[in-house]
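Please examine the sequence and the structure shown below. The report that follows describes selected features in turn.

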Amino acid sequence: MQLDFHIRKTLQSGARVFALDVRLQAQAQRVVIAGPSGSGKSQTLKGLAGLLRPDAGHVRIDGQTLYDSQQGIFMPPQARRLAYVFQDYALFAHLNVRQNIAFALARGWLNPRRSARHAAVEYWIEAFELGPLAHQYPHELSGGQRQRTALARALVAQPRALLLDEPFAALDADLRLTMRAELDALQRRLQVPMVLITHDPQDVALFGEQVLRLHEGQVQATD
Ligand SMILES: Nc1ncnc2c1ncn2[C@@H]1O[C@H](COP(=O)(O)OP(=O)(O)OP(=O)(O)O)[C@@H](O)[C@H]1O
C-alpha cells in the first residue's frame, strides 16, 4: 500500500488545546502508528478513515485522493473502502455473530435477517472458525471471539486496508499473544494492507514494517 497523508487538526475543549500535525509517506503493507496515551494516534487513524475532518492536509492511498483540503475533496467514510476496527470492537449487541458480519454488506436501514445466508459472510465465518458460534450474541462471546467477529465484519466488505485501533488492548495477556499471532498469519495470508495503532512495543516489533512515532500530536520519528 502506498500511503501518503498529512493531517492537521486543532482540537479544543474548554481552555485546553490539542494540536495534531502528523504526516507520513509510506510504502508498506503494515504501518504502525505508535506513541503514548494521548499522543494523537486515534485522531490520526480517524483522519485517515474520514471519521475526523481535518482542518488541512491530504490523505492519499494507492494514488487515490480521499481527502485534500486545497482541492476541496473530502470523501465520506463509507466511500473510502477502509475498514475501521474499534478498540472495543463495536459489535452490535442485538445482532448475533452472523448478522454482525452481514451488517457490513447491508444496504439501507434494515438489519440483516437471522435466516439470511450470504456467500461472503459464510466464507469469513468459516475462515475465522466462527461457525459453531454464528447464532450467539456479543455478550455470549469471549474477547478473542469478539475480535474475530469484528475482523470478519471488517474483511467481508473487501476493504482496501484495515485500520486497527489497539486491536489487542481489550484482551488478557495469554489471548493477546494468540490473537497477535493470528492477525500476523491472517495478514500474511490475505496480504491485506493495514494501519495499526498501539502503545505496545511487541506490536511495533511484529507489525511495524513502517513505524510512525507520535508525541503530543507531532511526529517524533519515522522508522
Ligand atoms: N473532541 C475533542 N476535543 C478536544 N480534545 C480532544 C478531543 N478528542 C480528543 N482530544 C484530545 O486529543 C488528544 C489525542 O487523543 P487520541 O485519542 O488521538 O490519543 P491516543 O494517542 O489515541 O491515546 P490512547 O492511547 O489513550 O487511546 C488527547 O489529548 C485528547 O484529550
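Which residues come nearest to the ligand? Of the 13 residues around the ligand, those that come nearest are Ser13, Ser37, Lys41, Ser42 and Gln43. Strand E1 (2-13) and helix H1 (41-49) are the elements that give two or more residues to this shell. A residue counts as near a molecule or strand if its C-beta atom, placed from the backbone, lies within 6 Å of it. Helices (H or I, at least four residues) and strands (E, at least two) are DSSP runs, numbered from the N terminus.

The model is predicted: local features need pLDDT of at least 70, side-chain atom pairs count only at pLDDT 80 or more, and totals for chains, interfaces and linings use all residues. Residues are numbered from 1 along each chain as its sequence is written.

By class, the shell around the ligand holds two nonpolar, ten polar and one charged residues.

Helix H5 (residues 173-190) has 18 residues and reaches 26 Å from its first C-alpha to its last, close to the expected 26 Å. The expected span is 1.5 Å times one less than the number of residues. Just after H5, Gln191 adopts a positive phi of about 55 degrees.

Methods: Ala, Val, Leu, Ile, Met, Phe, Trp, Tyr, Cys and Pro count as nonpolar, Asp, Glu, Lys and Arg as charged, and the others, Gly among them, as polar.
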